Amino acid sequence: MARYLANKCSIVSRVDCFLEKSTTAFGEKLREQVEERIDYYDKGVAPRKNLDMMKAALETVLTKNKRWIWKKHLLNLQ
């Protein structure tokens, strides 16, 4: 579980590095995924995939502010 959490923190820090403006959307979505992973160990319900979570976070950010400037690396997620 510690490696799983460290992986999520690493992903969020990399995303934050490539953003022009800061947002909490990616961290919140990946936190939900960590909580789903805990539920997986408790109840057996599989967590959503990283790609699904990143797309949901990107949609959240884009609907809140459509004028954000994204670097090329994040545009590859769509």
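This is a predicted model: local features need pLDDT of at least 70, side-chain atom pairs count only at pLDDT 80 or more; totals for chains, interfaces and linings use all residues.
Student: How do you know which secondary structure the protein has?

Tutor: The assignment gives four helices and zero strands. Along the sequence, the pattern therefore reads α-α-α-α.

Student: Why is P47 called buried?

Tutor: The relative accessibility of P47 is 19%. Buried means under 20%, so P47 at 19% counts as buried.

Student: Where is P47 placed, and what is in contact with P47?

Tutor: P47 is in the loop between helix 2 and helix 3. Apart from neighbours within four places in sequence, P47 is in contact with Y4, Q33, E36, R37 and Y40. Q33 is 14 residues from P47 in sequence, yet their C-alpha atoms are 6.1 Å apart in space.

Student: How is the crossing of helix 2 and helix 3 described?

Tutor: Helix 2 covers residues 25-43 and helix 3 covers residues 50-64; their axes come within 9 Å and cross at roughly 145°. The crossing is right-handed.

Student: Which residues of helix 2 and helix 3 meet?

Tutor: From helix 2 come A25, F26, K29, L30, E32 and Q33, which meet N50, M53, M54, A56, A57, L58, T60 and V61 of helix 3. These residues divide into nine nonpolar, three polar and two charged.

Student: What makes K29 and E32 charged in this division?

Tutor: Lys and Glu count as charged. K29 and E32 belong to the helix 2 side of the contact, so they are the two charged residues in the division.

Student: Why is the set that includes I11 and L30 called a nonpolar core?

Tutor: A nonpolar core requires buried residues of the listed nonpolar kinds, joined through side-chain atoms within 4.5 Å. The largest such core has eleven residues: I11, V15, L19, A25, F26, L30, M53, M54, A57, L58 and V61. Helix 1 (2-18), helix 2 and helix 3 each supply at least two of its residues. Helix 3 gives the most, with five.

Student: Which residues are in contact with I11, beyond its neighbours within four places in sequence?

Tutor: They are L30, N50 and M54. L30 and M54 are also listed in the core.

Student: How much of the protein counts as buried?

Tutor: Of its 78 residues, 27% count as buried. The protein exposes about 5,700 Å², and carbon and sulfur atoms supply 52% of that area.

How values were computed: Residues are numbered from 1 along each chain as its sequence is written. Side-chain values use heavy atoms; hydrogens and water are left out. Axes are lines fitted to C-alpha atoms, for helices over the stretch in contact, and angles run from 0 to 180 degrees between N-to-C directions. A crossing is left-handed if the near helix is turned anticlockwise from the far one by less than a right angle, and right-handed if clockwise. Contact means heavy atoms within 4.5 Å. Buried means under 20% relative accessible area, exposed over 50%, partly exposed in between (1.4 Å probe, protein chains only). Accessible areas come from the Shrake-Rupley method with a 1.4 Å probe; for residues, only the protein chains shown count as cover.
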